[in-house]
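Me: Could you go through this one with me, beginning with the charged pairs?

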Amino acid sequence: MQEKNISTCNLENCQKCSICDTVCPMMAVNPEYPGPKQAGPDGERYRMKSAEFYDKALKYCLNCKRCEVACPSGVHVADMIAAAKLEHGGQTRPLRDTVLASTDLVGSVASTFAPMANFALGLSPVRHLMDGFIGVDERRTFPSYANGTFVKSFDPSTQKGFDRFVTYFHGCYANYNFPQLAWDTVKVVNACGYGVHLMKGEKCCGVAMVANNMPAQAAKNARRNVGCMSRAVAAGEPVLTSSSSCTFMMREEYPNLLGVDNSAVRDSLMLMTKWLYELVEAGKVKLVFKPDFKMKASYHIACHMQKLGWQYYSVGLLRMVPGLDLKVLEQNCCGISGTFGFKKENYELSMRIGSKLFDSIRKSNPQYVITDCETCKWQIEHGTGLEVLNPVSVLATALDLEATFKANTQ
Amino acid sequence: MMYDVVVIGGGAAGVQVATAVSKAGLKCALVCFGRSISGADPNVQGVDLILGDKAVEARYEGTGVVSVTTANGIRLQAADFVLATGKFFGEGLVADMDSVREPLFDSDVKYEQDRSKWFDADFMAPQAFLEFGVQTDAKGHLLKGGSPLSNVYAVGLVVAGVNAAVPEYECDTVINELICRKRI
């Protein structure tokens, strides 16, 4: 008698309850997508017989993991679909997809010529050309590029005075587009009495490469990143991140999807908000807030954040801020799914998926929206016109950094 | 963060308890997978939703529980805990070849000792396994090793004698207990 499951994704556990289908944001708006039950465990039984049963409609899967979050039987539905896409989805892709997924390359070039790049990307004729020739929807506003990367502007000598350190995995967004987030992170970490080290040779986490069927390149980046992180962890430093998707990618998808062993670093790799929350709860770090800080905000749980379950920590920290009127929104997918929503053929779907979230945001009537994912930020700003902040940036503004530093270094 | 009540399981009974205690002003967290097969919506106003997760370990002190830890590594501390994990589908009860157990608290389960009597081959006949479940005292406290846990309650299908054929679960006893304890 077979005593245990032999599949890697717990295919045998599927009870066909269909709860996964009820939470799939793509299935709700797109009749061409068969849904997670069929794309996942149902389809897998056929794909195991022959690759010719691979359904091209799996290209619509957003990799949001909401099906896995909902599954009562422990089936790794989303992993199964992602693995099938990598195996059967084909290695050819339009140049556009390669470019969108190569964030390190595009980021380095664009941030070198940032003023020109931003100016060009802001012009409708340019976006119209991009729409017609390479298929990036002209309705999208491109995130602007910073004039020079965060890494270039970071002076390690400013961190010399500390005797305890963390390593910061800044990721592509904070490095090329929005160094302000990286600086907010450094400020808050320093105020807690810790110095910040960067890693030499940090590469893009690869989440966009996986989504655009570039597993070899993603695995290469993965091995490189794990190597860098191993050195940090061996030196006794946790590796802190800013983006929920980078974190999820490196902790879960590296071993589960790319076969890259991260066991040496996984437990020490976490979002900055988790690290900070646990220290404050344990009484090891004190936070001193500005008494006159006031903000009304709605918190959006990014899909990958929900899969990790770590909104518990970000919300926990935000709840410590006096004067912050915070509403935690019911979890809904924003619809952008990273590079997916930039593509011309996906724009309408992406906005239709996000409309439920946009409505709930408008209904909650906030000044700001807070979320841990930068691509959610772009989508929510695009769909609601509201400014979206990372929780760490809110903390950096709400904290009395000097008083906090004094409280943690005496 | 310290809660008044942590409800484990987001089906009809769990959501009913979370809704009632939250309305009464208690700080409540609800741990569940996703939307349950009962159709109940776990998004309850004022309740912290720990979604896509399950409580896997309990920490005890004296006759009670101080915290439960989830599969995602979140440790939830509370004054009171409510077990509402259902029967076999969501693994509120787990059947081995010759016994039935409740995996989180390893509490006392009422089940038919003779395995051949667990089910009737006639599909339409009453099925004994549908009445298996954990044992509670008159106030709804979960029994473990014959004694009630001081701050753990059980409601819904996980409880012995509660059958899925019944559309509503009696949760008022436990709800009243939770609200009254807070007022003291």
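Reply: A salt bridge here is a side-chain nitrogen of Lys or Arg within 4 Å of a carboxyl oxygen of Asp or Glu. This is a predicted model, in which local features need pLDDT of at least 70 and side-chain atom pairs count only at pLDDT 80 or more, while totals for chains, interfaces and linings use all residues. Residues are numbered from 1 along each chain as its sequence is written, chains are lettered from A and ligands numbered from 1 in the order in which they are written, and side-chain values use heavy atoms, leaving out hydrogens and water.

Me: OK, what does Lys343(A) form a salt bridge with?

Reply: Its partner is Asp97(A), with the closest N and O atoms 3.6 Å apart. Lys343(A) lies in the loop between β6 (324-328) and α18 (347-364) of chain A and Asp97(A) in helix α5 (residues 95-101), so the pair ties together parts 246 residues apart in sequence; helices (H or I, at least four residues) and strands (E, at least two) are DSSP runs, numbered from the N terminus.

Me: Is Lys343(A) buried or exposed?

Reply: Lys343(A) counts as buried at 8% relative accessibility, and Asp97(A) is buried at 9%, where buried means under 20% relative accessible area, exposed over 50% and partly exposed in between (1.4 Å probe, protein chains only).

Me: Switching to α14(A), how many of its residues are buried?

Reply: Eleven of the 13 residues of α14(A) are buried, among them Phe248(A) and Tyr254(A).
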